[in-house]
Every structure is written in C-alpha cells, then in structure tokens.
Amino acid sequence: MSKSLSRNFLNSFANPFGLVVLLTLVVFVGVFFQMDDPGQGIGQKTVAILGFWHQGFFSLVGFTLQMIMILVFGFSLAVYKPINSMLKGLAKIPNDLSSGVALVATLTMVAGLLNWGFGLIIGALLARFVQESLSEKGKFSNPALLAATGYLGMGIWHGGFSGSAPLTVSGSDHFLLEKTGIIPVSDTLFSSFNIQITGGLFLVYLVSAWLMSNRAKSATERPLAIPMNPIAAGDGPHLARVVGAFMLLVILVGIVWGVEEGLSMISLNWVNFLLFSLTLVAFGSWDRFIFSVGEGLKASTDILVQFPFYAGILGLLSASGVILKLSLYIQSQIGPELFPFLSFFSSAFVNLLIPSGGGQWAIQGPILMETASKWNLDYGKLVMVFSYGDQVSNLLQPFWALPLLSITGVSVRKLFPYCFVLFLVGFLFLTLGIWLLF
C-alpha cells in the first residue's frame, strides 16, 4: 500500500503543473542555501523566503493575460469556418506523402511565425486533413510523420511575430526595463541575425521532413481523432465586426500618424490588439465571437494556473539576490565567447521543465541580461539565442503537443521518433548559426 501511495505521489509530478511545483520546491531549497543571511536565524530566513515568493506570485499578471490572449485569439482564428474550409481544400492537393509533408510543413511554419497558437492549431488540422485526403485516394501515408510536420510551427515560432521574449522586451513597461531598456524588434525579430537563422531553420526543417517522407514506412492504422467542429460567423447584427473594423482603423492611424515610427510600434500588446480586431471582424456577431473565444480559453487554462508559480520563482530568485550571485558565478566560469552557447543550451534544457516561452523568459531572462550587461553583449542577439533554445526543444516537449495529439489522433509513442530527428537537425543548425553569426 505504501509503495502504491509513493508511486501515485511521484506520478503527480509527471505533468506540467507538477513540474512547476517541483521546480518551485527546488528553487526554495536552492535559495535557502545560497541567500546571504547576515545575523538571520533559520526561522527568520524561512519567513523572508516565503515572503519573496508570496510577493512575486502575482507580479506577472499583465504578462500572463498577454500570453493567454495571444493563444486564445490565435486558436479562434484557426477554427474559423472559412479558414477551416480553406485548409480542407488545400489538403486535397497532395497526391502522395512527400508532397503532403511539404505542404503541411510549409504552411504550419508560416502560420507559426505569424502566431504560435494559430500555427499550433493550423498544423494539427492540416496534418489531419491531408491524412484523410490521402486515405480517401488510397495513397501511401504515415499519420505520425504528418503530425510531426504539423508540429513544426512550435519549433520555429519564437523567431516570428508572436515571440514572447522579443516582444516582451520591446514594450515600454517590461519587467527588465531598468536593466536593458527597450529593445526594439528591429534588434531582435527583424534583425539580419534572426532573418538569416530563422530563414535557414525553415529550410532545414522543410528538407528534413521531405527526406523522412521518402524513407517512411506506410502506416495502415486509422488514428482515433476527436471531432473538430469549425465555427461559422454569426448572423444578425454585426456589431462585433464594426468594432473590429474600428480597431483596425486605429492600428492604421497609428502606423501612418503615430508617435512611434517603423517597427518600434510592434510589441506584445500591439500584436494582441491586431489579433483581437481580426477575430471580431471574422465572427461578426458578438455571440459567435464569445463562443470562439470560450473555446480558445479552454486551451489556455494551463497558462492561467502555472504562470503565477513562475512569477513566484522569479520573485524568489530576484529578491533574494540569487540571480546576481548566479550571474557572477557564470562570469567567473566561462568567457563572453561561450556565453551565447550556454544561453542557447540552457534555454533548450529549461524548456523541458518549463513548457512556456513566456514563463521561461521570466525566470531566465534576468540572469541572461544581468550577465550580458557586465560583458556588454548584444541584448537583441542574446534574446534571440534564448528564443531559439526555447523553440527547438518544443519538439521534445509533449505539453504543447496535446492539442495536436487530440486533433490528429496520433499517439506520443509514434510521434516522438520523427520529432526527435527534427529536433536534432534543428539543434545542430542553430548551434552552427550562433557560432557563425553571433
């Protein structure tokens, strides 16, 4: 009985929420032994640490809402009936697995670069529709490979328009403002550094998926996928569409006559404002808009309940002074030449524990930027190096794959081998790119 209880207790940590709780406990212990405590007893030190965690717990409420909104509106647009119908039409074009894989990979990555939530759902739907189309035609197919290529948007998204870290630091009130100042997207997402690396990664993923399709074995099983009902625009008064059109007009006015010029206007709030507007225009009526948003909110529950714990960890590390100590230790162990690689490798690893680009940046960002400031490293490039590590290990992270698995009906066991190959080629390419271009 005791063994059963112990096993059940350990299994409770084998999920995203369990991992963030476990990470919190580890940080508690680490901070306790690393924090300077002149004259403090164990009790006083413990009370202080608990206070740091409590004070930090809701310090990222605004950031949490931004992350929820970017997923919700991306999801809503992906299940919009005209987009759904367009995907079904496109899925009928391929006549073999190789062309199907190329289509799914290309459109998934393009959608992922536009919005990670949009790309995640678009990729899953397209992988499912191509599989169904090939089966109807009696063609050779492989559902697991198609599903893996439908997940590639999550392997490239952080270099695109919804990248959490680069959009966060481009805002006028981000939590690292005093350390780094505003880092415009011209120094991150639209820099030549990112354009070259993200463009190259796009081609590497595409070629790799196509080569795998030529060697893949036929799979005859029929995946048990959930029903996927597209959401049509509403009838009757189109007040939501009018409001959405007005919001788009506000964006246009800001682009033409706004105070901020060029790419400096693009931030996380700007992207969410645009997605909000497009979703209102798409669904027309308020009832349909609310229904679609409600469906997207179901997919965002994990962000809502996990981000406060990430904020608590940030509060622990910051207020205790451990972030500064860790930064100084890193500086003493390696030089500035190797720090970009350490940032990339650590980001890829930590993403396996913290399956959220935004939550991960909240914890790692202060450490990376503190060290970068001491060595006068390029903030923009380092933000993107972090982003590359976060995105590439998504291919090994089952957390965000849950919607894909439900929509396609493919099991993790069959998906993982293909995702692992894509992870390896992406990781090697990004390592080479950082070495050559940083």
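**Entry 1: α4 and α15**

I began with a helix pair and noted that the crossing of α4 and α15 is right-handed. The model I am reading is a predicted one. The axes of α4 and helix α15 (residues 301-319) are 10 Å apart, and the packing angle is about 160°. Angles over 145 degrees count as roughly antiparallel, so I logged α4 and α15 as roughly antiparallel to each other.

I then listed the contact residues. On the α4 side I found Phe63, Thr64, Met67, Ile68 and Leu71, and they meet Ile303, Leu304 and Phe307 in α15. Sorted by class, the contact of α4 with α15 has seven nonpolar residues, one polar and no charged ones.

**Entry 2: α4 and α14**

Next I looked up how α4 packs on helix α14. Helix α4 (residues 61-78) and helix α14 (residues 286-299) have axes 8 Å apart, at an angle of about 120°. That angle makes α4 oblique to α14. I recorded the crossing of α4 and α14 as right-handed.

From α4, the contact takes Ile68, Leu71, Val72, Phe73, Phe75 and Ser76. From α14, I listed Phe289, Ser292, Val293, Glu295, Gly296, Leu297 and Ala299. The contact of α4 with α14 divides into nine nonpolar, three polar and one charged residues.

**Entry 3: Thr279**

I looked up Thr279 and placed it in helix α13 (residues 268-283). Is Thr279 buried or exposed? Its relative accessibility is 0%, so Thr279 counts as buried. Setting aside neighbours within four places in sequence, I found Thr279 in contact with Phe73, Ser76, Leu77, Phe289 and Ser292. Of those names, Phe73 and Ser76 of α4 and Phe289 and Ser292 of α14 were already on my list for the contact of these two helices.

**Entry 4: α5 and α7**

I turned to helix α5 (residues 81-91), which packs with α7 at an angle of about 40°, the axes being 8 Å apart. α5 and α7 are therefore oblique to each other. Their crossing is right-handed.

In α5, I listed Ile83, Asn84, Leu87, Lys88 and Ala91. These meet Phe118, Ile122, Leu125, Leu126, Phe129, Val130 and Ser133 in α7. By class, I logged nine nonpolar, two polar and one charged residues for the contact of α5 with α7.

**Entry 5: nonpolar cores**

Which residues touch the most other members of the largest nonpolar core? I found Tyr151 and Tyr205, in a core of 109 residues. Helix α7 (residues 116-136) supplies the largest share of this core, 12 residues. Another core lies apart from it, with 15 residues, among them Val169, Ile183, Met369 and Val383.

Leaving out neighbours within four places in sequence, Tyr151 is in contact with Thr108, Leu120, Asn394, Leu395, Gln397, Trp400, Ala401, Leu404 and Cys419.

**Entry 6: Leu424**

Last, I looked up Leu424, which is found in helix α21 (residues 412-437). The relative accessible area of Leu424 is 37%, so I logged Leu424 as partly exposed. Leu424 and Leu395 are 29 residues apart along the chain, and their C-alpha atoms are separated by 9.5 Å.

Methods: Residues are numbered from 1 along each chain as its sequence is written. This is a predicted model: local features need pLDDT of at least 70, side-chain atom pairs count only at pLDDT 80 or more; totals for chains, interfaces and linings use all residues. Side-chain values use heavy atoms; hydrogens and water are left out. A nonpolar core is a set of buried Ala, Val, Leu, Ile, Met, Phe, Trp, Tyr and Cys residues joined through side-chain atoms within 4.5 Å. Buried means under 20% relative accessible area, exposed over 50%, partly exposed in between (1.4 Å probe, protein chains only). Helices (H or I, at least four residues) and strands (E, at least two) are DSSP runs, numbered from the N terminus. Contact means heavy atoms within 4.5 Å. Axes are lines fitted to C-alpha atoms, for helices over the stretch in contact, and angles run from 0 to 180 degrees between N-to-C directions. Angles under 35 degrees count as roughly parallel, over 145 as roughly antiparallel, 65 to 115 as roughly perpendicular and the rest as oblique. A crossing is left-handed if the near helix is turned anticlockwise from the far one by less than a right angle, and right-handed if clockwise. Ala, Val, Leu, Ile, Met, Phe, Trp, Tyr, Cys and Pro count as nonpolar, Asp, Glu, Lys and Arg as charged, and the others, Gly among them, as polar.
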